[in-house]
Amino acid sequence: MSVRDELLLGARAAIGPAAATFALGVTFGAEAVAAGWGHAAPVVFSAIGISGSAQFSLLTTLSTGTALVAILSAVLINARYLVMGVALNDSLRGGRLWRAVQAQPLVDASFVVAHRGGGRFDVVRLLGATIPQWSCWVLGTLLGVLLQPEPELMEQLGVDVVFPAFFLLLVLEELHSLRALGAAALGALVAGGLLLVTEPGYALLAATAGAVVGVLPEREPAEREPVDREETR
Amino acid sequence: MRLWLSILAVSAANALLKASGPLVLGDRRLPAVARRVVALMAPVLLAGLITVELAGEDWNAVDGAQVAGVAVAGIAWWARAPMLLAVLVGAAAAAGLRAL
């Protein structure tokens with residue numbers, strides 16, 4: 001498959017999550033203006049930060065505490081990218097610096113879209129998946145800044161279903177084995193338990209501990225060969 | 001100025017977090033055990049994201065219509081609906097429940 005095809009495949013697989021990102025971007029833009037951030041800062045932040053969890057965290061904490069605490073909270077919430085960067089590294093090519101550059105398009109949905117199975121990732125597909133995500137995130141933020149819609153309207157339209165629904169469908173496609181099912185269940189359990197005592201970002205980081213199921217010796221046949229999403233549907 | 005410096009700091013730290021693994025590891029491959037762990041990272045992350053999205057901090061964000069909408073999307077997908085259509089059906093179900 002050519003680079004162009006892989007890029008398009010990644011972009012096509014990410015269109016759904018990107019639509020959800022757009023809706024979330026509208027919410028971020030509207031809330032940032034309401035918090036007194038002005039019009040330029042939210043859009044620039046979305047363009048260079050491209051991280052919903054960190055951006056919402058900074059938005060919430062900057063107005064209630066010191067800047068240092070707000071920055072640290074936002075960074076810690078994104079600590080899962082450290083784990084995901086390590087996971088991605090075996091699939092990257094070239095020297096350390098070039099590998100670091102290739103890891104930059106990493107966002108949650110593109111990490112999943114680029115997963116070819118068995119811990120292997122397609123870097124071109126990762127980039128292809130991030131392009132619509134980034135575009136929709138920035139455009140959504142811009143629209144939110146300009147229109148400032150009421151959060152109630154988004155809820156009435158069922159927009160809050162879009163993100164978790166896409167994640168559900170993506171995880172269903174990832175569950176090729178009992179190990180994956182067990183790991184996902186453990187991750188959900190850890191996240192659910194920690195939500196009672198800590199912030200969602202930290203609960204999410206801790207959920208990655210569910211992958212320790214992978215240290216158990218394999219007792220079943222190798223995972224199925226990766227299947228290009230949507231191609232079989 | 002405080003806002004802009006905070007935005008730049010978070011954005012730079014975000015880029016560094018993504019770069020750290022490749023910068024430290026270079027072309028060294030992970031051991032087999034670590035590769036098996038890495039292979040499970042995507043489903044685990046997704047399961048965590050779903051939980052966090054639906055439950056929220058202290059489980060205060062649980063919303064019956066939202067949960068039902070997500071379940072309907074899952075059922076629609078299982079019934080062979082394309083992904084985008086399944087999600088739209090789920091969103092419509094939640095909107096319908098709220099309108100009742």
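A: Across the interface of chain B and chain A, the rule finds 1 salt bridge, that is, a side-chain nitrogen of Lys or Arg within 4 Å of a carboxyl oxygen of Asp or Glu. Arg98(B) pairs here with Asp160(A), and their closest N and O atoms are 2.7 Å apart.
This is a predicted model, in which local features need pLDDT of at least 70, side-chain atom pairs count only at pLDDT 80 or more, and totals for chains, interfaces and linings use all residues. Residues are numbered from 1 along each chain as its sequence is written, chains are lettered from A and ligands numbered from 1 in the order in which they are written, and side-chain values use heavy atoms, with hydrogens and water left out.

Q: Which helix of chain B gives the largest share of the side that touches chain A?
A: Helices are DSSP runs (H or I, at least four residues), numbered from the N terminus. Helix 1 of chain B gives the largest share of that side, 21 residues. Helix 1 (2-25), helix 2 (32-39), helix 3 (41-55), helix 4 (64-78) and helix 5 (83-99) of chain B each supply at least two residues.

Q: How is the size of an interface expressed?
A: It is often given as the accessible area lost when the parts come together. Buried area is that loss for two parts, summed over both, with a 1.4 Å probe. Between chain B and chain A about 7,100 Å² is buried, and carbon and sulfur atoms give 73% of this area. In chain B, Lys18(B), Trp77(B) and Met83(B) lose the most area to chain A, together 10% of what that side buries. In terms of contact (heavy atoms within 4.5 Å), 70 residues of chain B meet 95 residues of chain A.

Q: Is Thr130(A) buried or exposed?
A: Buried means under 20% relative accessible area, exposed over 50%, and partly exposed in between (1.4 Å probe, protein chains only). Thr130(A) has a relative accessible area of 7% and is therefore buried. Thr130(A) belongs to helix 9 of chain A. A polar atom of the Thr130(A) side chain lies 2.5 Å from the backbone oxygen of Pro105(A). Leaving out residues up to four places away in sequence, Thr130(A) touches Ile50(A), Pro105(A), Val107(A) and Ser110(A).

Q: Where in chain A does Leu142(A) lie?
A: Leu142(A) lies in helix 9 of chain A; with 35% relative accessibility, Leu142(A) counts as partly exposed.

Conventions:
Polar contact = N/O pair within 3.5 Å; in protein donor to acceptor, adjacent residues only side chain to side chain.
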